[in-house]
Amino acid sequence: MIFLLVDDDQEDTQLFEEILNEVDPRIGFEAAQNGKVALQKLRNREAALPNLIFLDLNMPLMNGKECLAELKQDPALKNIPVIIYTTSAHSRDIEETLMAGALCFITKPMGLKDLRCVLSSIASSLPNQLENGLKHLNDTCGAFVVY
Amino acid sequence: MILIVDDKEENLFSLKALLQLHSYTVDMASSGELALKKLLKNEYELIILDVQMPEMDGFEVAEAVTGLNKTKDIPIIFLTAVNIDKRFISLGYASGGVDYVTKPFDADLLLLKVKTFTRLYQQHTNLKNIQQSLETEIVTRKKAQEDLMQANLSLEEKVAERTRSLVELNSGLESRNAELAQYVTLASHDLQEPLRKVITFSHVLDEKYLQDIPAARQDINKIIASCERMRNLINDFLNYSILSADLTSTSVDLNQVVRSTLEDLEVVIIEKDARIEIEHLATIEGNAGQLRQLFQNIIGNSLKFSKKETAPEIRIWNEFVTEKSVDAPAVENGDFVRIYVQDNGIGFDQQYLHKIFTMFQRLHSRAEYEGTGIGLALVRKITEKHNGMVVANSCENEGATFTIILPVLQPEPHKINELII
């Protein structure tokens, strides 16, 4: 199983990888620093596609919304679930991304505990029960999940 | 005054005596030239003119008199002993005379003629004066009317110009407002990012390295608490200033609004063991999101400023009134709904009433009660945007009652003004 994090923030990326590794070391981790790089990575590969994409919104070159649109237009990529993973929860952003096909909208957790909670809920429910996992997540860490 | 013109002195004096005897003022000229000079200088109402004179005869004098604007209306009676032929008489009339009297004349008849012609002249003069003053009047009125029109025109121009400049100013302000709101949004957004980083890595630091150093943990928790406070401040600020995404006004069931607000506040309610009593509330037109923010802030406020030892008790009810007034008597059905939120908290001194709805005004130190000082400012803003009003009543230590008056129907039902600072 592979998670792809698309985020230009290196520290967030590092922390994410660290906690993901801690939560479930079997999950592979890949990172891309913006939408453009992510699409390149996904389109020019022979290895298996990631099972889940975490997508930041505010990024240089290609932001999250543009990347999401590209992903959903690409027949080879449109079935990978996308979770918006960003700092602030603007109602407009939430609405737009959910309409554009994102699975859910998570604001980046502040503490390690919360991040652990988010990642373990998601990891433990994959590959088949992601939606249940998100529901569970919504119940336990509801403050930063919009589903 | 009557002018007698004759080259013979005896004629002049006999006629003068006759006229003066009948209280006429009389002037005399012994030649045509002299007569013309006098006529130009003085005012006369009648000329009695001899026909045959050396140098300039009567007819010539008459022609000169009728040719002059000043004198043309003065009646002329020719008086002659010599030129009594019909030819001369008609010449006299043709040259401008009104009568032609031949000598010897009957004094009484002459006097009658003098009387008639002077009176006619006076009447004529009067009429002329009246006409003149009427003309002046007309000119004055016309001028006044023109002035008025001019003034009207320039007033209209001024109004148009003022309107134009106001419209310009207004659109400038609107765009500045929009810019400002956008700026606030961006700024808050950008401020949140590093702040989140500080909080996250403070947590990391705490968890990874400080577990065994209680004093250091205490300090890092202070950092985290401060950051959280700042984050709340930014969020509140954003809420206050942001163009709320959904501004349409719909039919809103306040029971539902309050219920979902209480769900959001559940953690605090349980923590403080608060008792909240809600009577059935009305359904009104408004923006659901904003009304929810309104109740969240008021109820949150009541929960926050509870007495330390007493569990919070909050009562919410409403009644209909016919006008936007605190004192209006409750009625069965009115255009406004008056909502009360009453608590048993610490209250506030009524003298600070004006402060509690003002941005960034806090009545308590942060150590006593947390808060950003934006919540109630937001409440006021939302009620105002809904064409309503909010007031608060309290005595210190005796709880507070917030009274919110909102119209049941919005004048423009589908649009609540955008929330801009």
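A disulfide is a pair of cysteine sulfur atoms within 2.5 Å. The structure discussed here is a predicted model, and by this rule the count comes to zero disulfides over all chains.

Q: Is Cys67(A) buried or exposed, and how do you know?
A: Cys67(A) has a relative accessible area of 1%, and because buried means under 20%, Cys67(A) counts as buried. Cys227(B), with a relative accessible area of 9%, is under the 20% limit and is therefore buried too.

Q: Why is the contact of Arg43(A) with Glu70(A) called a salt bridge?
A: The closest N and O atoms of Arg43(A) and Glu70(A) are 3.3 Å apart, and because the limit is within 4 Å, the pair qualifies as a salt bridge. Arg43(A) lies in helix 2 (residues 35-43) of chain A and Glu70(A) in helix 3 (residues 64-73) of chain A, so this contact ties together parts that are 27 residues apart in sequence. Over all chains, the structure holds 32 salt bridges.

Q: Why do Arg43(A) and Glu70(A) count as partly exposed?
A: Partly exposed covers what lies between buried, under 20%, and exposed, over 50%, so Arg43(A), at 41% relative accessibility, belongs there. Glu70(A), with a relative accessible area of 31%, is partly exposed for that reason as well.

Q: How do you know that Asp27(B) and Lys38(B) form a salt bridge?
A: Their side chains meet with N to O at 3.0 Å, and because the rule asks for a distance within 4 Å, this contact is a salt bridge. The pair links distant parts of the chain, eleven residues apart, with Asp27(B) in strand 2 (residues 26-29) of chain B and Lys38(B) in helix 2 (residues 32-41) of chain B. Asp27(B), at 15% relative accessibility, is under 20% and therefore buried, whereas Lys38(B), at 24%, is partly exposed.

Q: What makes the contact of Asp99(B) with Lys113(B) a salt bridge?
A: The N to O distance is 2.7 Å, which is within 4 Å, so the side chains of Asp99(B) and Lys113(B) meet in a salt bridge. Asp99(B) is in strand 5 (residues 99-102) of chain B and Lys113(B) in helix 5 (residues 107-209) of chain B, 14 residues apart. Asp99(B) is buried, with a relative accessible area of 10%, while Lys113(B), at 28%, counts as partly exposed.

Q: Why are strand 1 of chain B and strand 2 of chain B said to pair?
A: Four bridges join strand 1 of chain B to strand 2 of chain B in the parallel sense, and because at least two are required, the strands count as paired. Within this pairing, Val5(B) stands opposite Ala29(B) in strand 2 of chain B. The chain crosses between these two strands through helix 1 (residues 9-21) of chain B, and this β-α-β crossover is right-handed.

Q: How do you know that both faces of strand 1 of chain B are covered?
A: Ile2(B) and Ile4(B) on one side, and Leu3(B) and Val5(B) on the other, are all buried. In a regular strand the side chains alternate between the two faces of the sheet.

Key:
Residues numbered from 1 in each chain as written. Chains lettered and ligands numbered in written order. Predicted model: local features only at pLDDT ≥ 70, side-chain atom pairs only at ≥ 80, totals over all residues. Heavy atoms only, no water. Buried < 20%, exposed > 50% of the residue type's maximum accessible area, 1.4 Å probe, protein only. Right-handed = clockwise from strand over helix to strand, strands pointing away.
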